[in-house]
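Biologist: I am new to this structure and would like to be taken through it. Could we look at it together?

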2 protein chains.
Amino acid sequence: MRMLVVGSVAFDDIQTPFGVKKNVLGGAASHFSIAASPLIEPKIIAVIGHDFPQKYIKYLSDFGIDTSGIEKSPDKTFHWSGFYEHDMAVAHTRSTELGAFASFEPKLTEEDKQRQVLFLANIDPVIQYKVLKQMKNVQLVGLDSMNFWIESKKKDVWKVIKEADIIFLNDVEVRMLAGEASLIKAAKVIQKHGPDVVIVKKGEHGVMAVSHGEIFVSPAYPTEKVIDPTGAGDTFAGGCMSYLVANTQPGKKITNDVLRRAVSWGSAVASFAVEGFSTTGVAKATKKAIEGRVAVLKKLSAF
Amino acid sequence: MRMLVVGSVAFDDIQTPFGVKKNVLGGAASHFSIAASPLIEPKIIAVIGHDFPQKYIKYLSDFGIDTSGIEKSPDKTFHWSGFYEHDMAVAHTRSTELGAFASFEPKLTEEDKQRQVLFLANIDPVIQYKVLKQMKNVQLVGLDSMNFWIESKKKDVWKVIKEADIIFLNDVEVRMLAGEASLIKAAKVIQKHGPDVVIVKKGEHGVMAVSHGEIFVSPAYPTEKVIDPTGAGDTFAGGCMSYLVANTQPGKKITNDVLRRAVSWGSAVASFAVEGFSTTGVAKATKKAIEGRVAVLKKLSAF
């Protein structure tokens, strides 16, 4: 199955206790696609500004990512600036300049519309829905969103969730969206609206996946070297979705066994992401290196 | 091996979104000992006031707990009052009246001093140390503490930690004590000071146990019915310690395999505790019921 990823390709300014980086490669679609690249060759649909350097496009292409759907706008590139405090748990936003992304209308080719797998990274749910409705043969839809959209366009978030198969949200977003304090109850409420799988990202506490009839809890890989958590959630989703795609036959349902291995794969890939600024950490996640960490995760909670 | 538990037996006033309870049985030693009672028969060393009802003593005895070391003071019983908000994550203290506990000087009999296992529940680290020094034949020392003592008597906390084998702290306390943002680094810093095992309690996110050469991460049992989290940490410790005692031969080191099963046992027992006010939840944790939940935990993170 071939995957289309719709989301941001951006500049990030990042400050963590380990340093400051400016104008580094960011954006959900970048993190997601690099994370997916050891297993599949996703195609990115995004918009960049006139100021976006060709070297970043080449960098993405070198991972086997199809960048032909990244259109260039006369506007500026989406630019996020933020910082992390000592505990690295929360990203504090200094500024968000949407630039070219403010008027982004994803354009799909006929070949794009025929793809079987779609990942809608965190963008305006109205745009997510528009993209979804153009797909003609889609079998697996993954979706990410964030507190900003849940607060400002809740109805639109629900509308697109209803048509997604697997959704990725963090614990705060799951509670906010469902209006439930219990994370399990909240995930189940969301699941009742449509998706087969609700994946709750809990940062250093790992991931909880609620699928039909079962719950899977995956610890985070115990890395001591957290340099920059930016994009870790997108990286997790990229790892997880790529594993599902690489291990599910077209037309077949995702089994709970494959889901468990996919979540663990995603956790392993995400653990590389936090070990370097921007995408330098995840760039080191070769298939073999990921397999090594999956083996550690397998033992971590076994008894 | 026979266990001595030194800690509080108290009154609690508890308010959660599910109701208000006044003058219910509380105290770390109560929660710990009831949690341990399906596997062992611990003896409590504590002090109560003149106002403490005999029915609570009988209630503890009915679990097979030895209450002969609970002395009666002319003062009032230790009384905690607090509440939980919607998410139940944090206990907010309204008042703490130490009462008889303010001048508590644990008195050990010769038989007490000969016991092989000691659990020092969360009390003044100076008192914890005094008790520890009276033990003549102790082989396994478990220890709990809290932010209040880490802030006010840090040196004394370190002094007693150095002589403990297994310590139980929550994530905030571990970070505070070690002065490290990374939980794993922080646990390792504490471990270097002496204890074989550092157990980090993370509430709904489960438990991380750092022992020599390995890390074990145990998810929390996925209960949807959290009524009152008071004492859940003590209950976890009681379950965990009782399993270690029941499955380790005198003079033998705790193996990592037994530790993993003990942590899982503790998590299962604690999941009962939160399902009812005071000790009414954990009172339902029969050996068979706990085994059922351990089986669920075993599957929860397996892949």
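**A walk through the model**

Modeller: Let us begin with B:Asn23, which lies in strand E3 (residues 19-26) of chain B. Please keep in mind that this is a predicted model.

Biologist: Is B:Asn23 buried, exposed or partly exposed, and why?

Modeller: B:Asn23 is partly exposed, because 16 other C-beta atoms lie within 10 Å. Its phi is near 55 degrees, which is a positive value in a residue other than glycine.

Biologist: What about phi of A:Asn23?

Modeller: Phi of A:Asn23 is near 55 degrees, again a positive value in a residue other than glycine. A:Asn23 is found in strand E3 (residues 19-26) of chain A, and it counts as partly exposed because it has 16 C-beta neighbours inside 10 Å.

Biologist: What rotation superposes chain B on chain A?

Modeller: A rotation of 180 degrees, with 0.0 Å of shift along its axis, superposes chain B on chain A with an RMSD of 0.0 Å. That is the relation of a two-fold axis. The same surface serves both copies, as 100% of the contact residues of chain B recur in chain A.

Biologist: How many residues of chain B are in contact with chain A?

Modeller: There are 27 residues of chain B in contact with 27 residues of chain A. On the chain B side, the elements that give two or more residues are helix H8 (183-192), strand E13 (214-218), H10 and helix H11 (287-300). The largest share, four residues, comes from E13(B).

Biologist: And how do the residues on that side of chain B divide by class?

Modeller: The side of chain B that touches chain A has 13 nonpolar, six polar and eight charged residues.

Biologist: Let us turn to the helices. At what angle do H9 and H10 of chain B cross?

Modeller: The axes of H9(B) (residues 232-246) and H10(B) (residues 256-273) cross at roughly 145 degrees and come within 7 Å. H9(B) passes H10(B) in a right-handed crossing. Among the residues making the contact are B:Phe236 and B:Tyr243 of H9(B), together with B:Trp265 and B:Val269 of H10(B). By class, this contact has 14 nonpolar, five polar and one charged residues.

Biologist: What lies in the loop between H9 and H10 of chain B?

Modeller: B:Lys252 lies in that loop. B:Lys252 counts as exposed because it has 9 C-beta neighbours inside 10 Å. From B:Ile57, B:Lys252 is 195 residues away in sequence and 34 Å away in space, C-alpha to C-alpha.

Biologist: How do H10(B) and H11(B) cross?

Modeller: Their axes come within 9 Å and cross at roughly 115 degrees, and the crossing is right-handed. Residues of H10(B) including B:Ser264, B:Trp265 and B:Val269 meet B:Ile290, B:Arg293, B:Val294 and B:Leu297 in H11(B). That contact divides into six nonpolar, three polar and one charged residues.

Biologist: Which residues touch the most other members of the largest nonpolar core?

Modeller: They are A:Val269 and B:Val269, in a core of 196 residues. Leaving out residues up to four places away in sequence, B:Val269 touches B:Ala35, B:Thr235, B:Phe236, B:Gly238, B:Gly239, B:Val282, B:Ala285 and B:Ile290.

Biologist: One last topic: how many residues of helix H1 of chain B are buried?

Modeller: Nine of the nine residues of H1(B) (residues 28-36) are buried, and the helix is mostly covered. Its buried residues include B:His31, B:Phe32 and B:Ala35.

Technical notes
Residues are numbered from 1 along each chain as its sequence is written. Chains are lettered from A and ligands numbered from 1 in the order in which they are written. This is a predicted model: local features need pLDDT of at least 70, side-chain atom pairs count only at pLDDT 80 or more; totals for chains, interfaces and linings use all residues. Axes are lines fitted to C-alpha atoms, for helices over the stretch in contact, and angles run from 0 to 180 degrees between N-to-C directions. A crossing is left-handed if the near helix is turned anticlockwise from the far one by less than a right angle, and right-handed if clockwise. Two residues are in contact if their C-beta atoms, placed from the backbone, lie within 7 Å. Ala, Val, Leu, Ile, Met, Phe, Trp, Tyr, Cys and Pro count as nonpolar, Asp, Glu, Lys and Arg as charged, and the others, Gly among them, as polar. A nonpolar core is a set of buried Ala, Val, Leu, Ile, Met, Phe, Trp, Tyr and Cys residues joined through C-beta atoms within 7 Å. A residue is buried if 20 or more other C-beta atoms lie within 10 Å of its own, exposed if 12 or fewer, and partly exposed in between; C-beta atoms are placed from the backbone. Copies are superposed by least squares on the C-alpha atoms of residues with pLDDT of at least 70 in both.
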